[in-house]
Amino acid sequence: MSAEGTWTTTINTPMGAQTGTLILSINGSELSGTMQNPQGEMAITGGKADGDNLSWTTSITSPMPMDLEFSATVTGDEIAGTVKLGAFGDADFNGTRA
C-alpha cells in the first residue's frame, strides 16, 4: 500500500508527545508533502521513498530552530520510525492513516 495520503502522527519528544498531521505525496522515488502541528506547517524537503521505507527532513522554528530528520516505515495503515531532533538525540514517532 502506498504511503501517500494523510496521517495522524505522534512524536515522543523530550518535551512530551507532540501530535500533528503528515500529508505525503510520492512521485517515483521522490517524497514530498507537509507536516502540520500547533506551531504551524512545515514543508518536507529531501524526501525519498524506497518501497515502504521513507526519509525526509523538516525545519522548525519553535520552540527553537532545528532540522528534524525522519526515517520511517509504512505497514498497511500504520507509519513508524525515528526522528533526529538536532542536538537532542533521537525520538520515536508513529501514526495511523487518517
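1. A word on surface first: accessible areas here come from the Shrake-Rupley method with a 1.4 Å probe, and for residues, only the protein chains shown count as cover. On that basis the protein exposes about 5,400 Å², with carbon and sulfur atoms supplying 49% of it.

2. Keep in mind that this is a predicted model, where local features need pLDDT of at least 70 and side-chain atom pairs count only at pLDDT 80 or more, while totals for chains, interfaces and linings use all residues. Residues are numbered from 1 along each chain as its sequence is written, and side-chain values use heavy atoms, with hydrogens and water left out.

3. On to the fold: you'll find 9 strands and 0 helices. Both are DSSP runs numbered from the N terminus (helices are H or I, at least four residues; strands are E, at least two).

4. The C-alpha trace spans about 35 × 20 × 20 Å along its principal axes.

5. Buried residues make up 31% of the 98 (buried is under 20% relative accessible area, exposed over 50%, partly exposed in between; 1.4 Å probe, protein chains only). Take Thr 34, found in strand E3: it counts as buried because its relative accessibility is 18%.

6. Who touches Thr 34? Beyond its neighbours within four places in sequence, Thr 34 is in contact (heavy atoms within 4.5 Å) with Thr 21, Leu 22, Ile 23, Glu 41, Met 42, Ala 43 and Ile 44. Ala 43 itself lies in strand E4 (residues 40–43). Ala 43 and Thr 58 are 15 residues apart in sequence, with their C-alpha atoms 6.1 Å apart in space.

7. Of the contacts between residues at least 6 apart in sequence, 25% join residues at least 24 apart.
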